[in-house]
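I opened this entry to record what I looked up in the structure, beginning with the overall fold and ending with a single residue.

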Amino acid sequence: MSAWRKYLLLPRLIRLSRSAPKDRPLAWDRYWAGITATGPGGEVLWDAGTDHEFLGYRDILLRHLDPMLPVVDVGCGHGSFTRSLAGIFSEAIGVDISRHAVARAADESAGIGNIRFDVRDMTAPGAAAGLVDGPANVFVRGVLHVLTPEDQAALAENLRVLAGDEGTVFLAETNFQGNPVEYVTHLGATRHSIPAPLERAIRGLPMPGHFGPKERSLALPPAAWNLLEEGAVAIETNPVTGVERQSRVPGYVAALRPRRESVQASSPQAEAG
């Protein structure tokens, strides 16, 4: 599609996006309530239906995350990454803001002994409390780039509490450098048609942003976090068009640990003193 013709999509994108609820918890729960199929050929835009992307993360996870600690999968959706994590870590806990997502994740994970799911808004104050007994690793894939800077900071505080003084946080986020029209055309939208999983996301969810080193340094500032590793990655989406490049979005990965002094400053003992 030529550079200017793609913008003929804009009026249709505006019409579609008007139906998305402004309330974030409602938007995500309504989205997951309408999903009837996941995995290969399913309806979820960011579900490639394979473990290929996860296997690309395995080495960095093993370098920095202690497998003897539990891992919390924040924004678990239907639990595909939670199930992969359960094969590495002592326990995998998937959390999502949507009760419909959590119900589907639990159903699709039946029979896996070291996995559980919980409904939580991890941007809410105190949301980390009681989720795990002691420090944990945290896995975040495709969450921060759909949050406002204020919610990113709130999530980071809960990640810090979860990790404590022994856990590590792993982030994988889309970092597409372009406007919304360029983003949806990259994923296969044309002025004649929009792939169904993409149209479902446009209709039901807030338009995403991007998340890279600059956004990470603001949401998880160096004063509070030690950056262990970062780099570029391809985030894999539902291969709806059959064109490989259209199902791979430029992304960003990072592994971080809270600085010990920041953990101690936020501990209950420090607050009581």
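I took helices (H or I, at least four residues) and strands (E, at least two) as DSSP runs, numbered from the N terminus. On that basis I found eleven helices and seven strands in the protein chain. I note that the model is predicted.

Overall form. I compared the radius of gyration with the globule rule: for 273 residues a compact globule would have a value near 19 Å, and the protein chain has 18 Å, which agrees. The C-alpha trace spans about 60 × 40 × 35 Å along its principal axes. I also looked up the contacts between residues at least 6 apart in sequence, and 72% of these join residues at least 24 apart.

Surface and charge. The accessible surface comes to about 12,600 Å², with 54% of it belonging to carbon and sulfur atoms. I noted 27 positive and 31 negative side chains, the centres of the two sets lying 9 Å apart.

Interior. Of the 273 residues, 49% count as buried. The largest nonpolar core has 47 residues, and Leu85 and Phe139 are among those with the most contacts inside it. Apart from this core lies another, of 30 residues, including Val74 and Phe211. I then listed partners of leucine 85 beyond four places in sequence; among them are Phe54, Val71, Asp73 and Phe139.

Leucine 13. This residue is found in helix α1, residues 10-17. Its relative accessible area is 4%; buried means under 20%, so leucine 13 is buried. Leucine 13 touches Val181, Val184, Ile194 and Ile202, leaving aside residues up to four places away in sequence. I noted that leucine 13 and isoleucine 202 are 189 residues apart along the chain, while their C-alpha atoms are separated by 7.5 Å.

Methods:
Residues are numbered from 1 along each chain as its sequence is written. This is a predicted model: local features need pLDDT of at least 70, side-chain atom pairs count only at pLDDT 80 or more; totals for chains, interfaces and linings use all residues. Side-chain values use heavy atoms; hydrogens and water are left out. A nonpolar core is a set of buried Ala, Val, Leu, Ile, Met, Phe, Trp, Tyr and Cys residues joined through side-chain atoms within 4.5 Å. Buried means under 20% relative accessible area, exposed over 50%, partly exposed in between (1.4 Å probe, protein chains only). Contact means heavy atoms within 4.5 Å. The radius of gyration is taken over C-alpha atoms; the globule rule is 2.2 Å times the number of residues to the power 0.38. Accessible areas come from the Shrake-Rupley method with a 1.4 Å probe; for residues, only the protein chains shown count as cover. Lys and Arg count as positive and Asp and Glu as negative; His and the chain ends are not counted. The place of a charge is taken as NZ of Lys, CZ of Arg, CG of Asp or CD of Glu.
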